[in-house]
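Welcome, and please have your viewer ready. We will go from one selection to the next and see what is there.

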Amino acid sequence: MGQKIHPEGFRVGYIHDWKSTWFNEREFADYLFEDIAIRDHIQRKLAHAGLSDIRIVKQRGEVTVDIHTARPGIVIGKSGSEVDALRRDLHRLTNKPVKVNIREIKRPELDAMLVAQSIAEQLQNRVAFRRAMKRALTSAMRSGAKGVKVQVSGRLGGAEMARTEGYSDGRVPLHTLRPDIDHGFVEARTTTGRIGVKCWINKGEVMPEGYRSGQIEDQEEGLGPRAPSARSAGPRTPRDGRERRPAGDARRAHGAPSRQADQAGAPPRAKGDVTSESASARTPAGTPERDAENVPTQGTEGTAADGATGSDRSEAPEAPAGEEPSTEERDSQQ
């Protein structure tokens, strides 16, 4: 693919529309030469007005011309005098009623034709071509372009041998039909010869009509963000394939009770204080100590059990084999 095709003509009928809208099979040649004459006349008369595009619509014997420009005040003139003069010239040229519409370009930094024109003017004013290209590149990217590509060809810097140099930034896919790529070509007439300036600007992808992503549908319906699934909320798996477990999972895997399970349901107490209730909670079910504590007492035996000294209460049963003592037990032993 030699990239010889025009980027806009390549996308006509898919995301771009025709620049001339009419159909006449019998008088096709006459209509075509009429379009060429209209464009040449407008470009000669409004060369200094920052013209970007000229679109022509012919229907029912009437010609409608839309002029896209960055300087609408120059095209319109004082109280519309320039537009009236242009309309009379086109009527004389085509012998048909002509309607002229002026369309203003809000952001000239994102128009490829205007960017190429600015670079050509700088080259005619003997500005360094690299500086002119880099300046246009940065201004277009700052304005929100997805990608920019600029190329100049000719006797750059007055050299004897013509060469081609260019700069690019961002993404400019020339063979993908969905991106809206604007193309502009202007010739700079310098003292050493003509220098061709080409510019490609990617304005983003144009989705088919009726296309809506699921996220946009949820926002329009008023649905909130989806709750993360269990798979996405879990720990991430590293590249080596081994699953990482939290600290509590590692303790349970080795048979030791988790710290949260030990402290669950226990009343707050001072550091180092081990009560009989907590000791009995840590004693496995079915042991003699647990059964003895569960036997109800009567009379003075209950008071004697309640009035046990702190040394008797501090003696906690030993943890079964394979379990690690908790933090409170180690503190009480120290």
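**A stop in strand β3**

Begin by selecting T69, which is found in strand β3. Keep in mind as you look around that this is a predicted model. Is T69 buried or exposed? T69 is buried, with a relative accessible area of 0%. Now show its surroundings: leaving out residues up to four places away in sequence, T69 touches A49, G50, L51, V75, I102, R103, E104 and I105. Then zoom in on the side chain of T69, where a polar atom lies 3.1 Å from the backbone nitrogen of R71.

**Along helix α2**

Next, select residues 28-45, which form helix α2. From first C-alpha to last, these 18 residues reach 26 Å, close to the 26 Å expected at 1.5 Å a residue. Colour Y31, E34, D35, I38, R39, H41 and I42, the buried residues of α2. Turn the view to look down the axis of α2: the buried residues fall within an arc of 165°, so they line one face of the helix. F33 and R44 are exposed on the other side.

Now select I119, L123 and V152, the residues with the most contacts inside the largest nonpolar core, which has 24 residues. Elements giving two or more residues to this core are α5 (112-124), α6 (129-142), β5 (147-154), β7 (179-190) and β8 (193-205). Around I119, beyond residues up to four places away in sequence, you will find contacts with A132, M133, A136, V150, V152 and V197. Finish at a second, separate core of 16 residues, including L46, A49, V63 and I67.

Key: Residues numbered from 1 in each chain as written. Predicted model: local features only at pLDDT ≥ 70, side-chain atom pairs only at ≥ 80, totals over all residues. Heavy atoms only, no water. Helix = DSSP H or I, 4+ residues; strand = E, 2+ residues; numbered from the N terminus. Expected span 1.5 Å × (residues − 1). Buried < 20%, exposed > 50% of the residue type's maximum accessible area, 1.4 Å probe, protein only. Arc of directions from axis to C-beta. Polar contact = N/O pair within 3.5 Å; in protein donor to acceptor, adjacent residues only side chain to side chain. Contact = heavy atoms within 4.5 Å. Core = buried A, V, L, I, M, F, W, Y, C linked by side-chain atoms within 4.5 Å.
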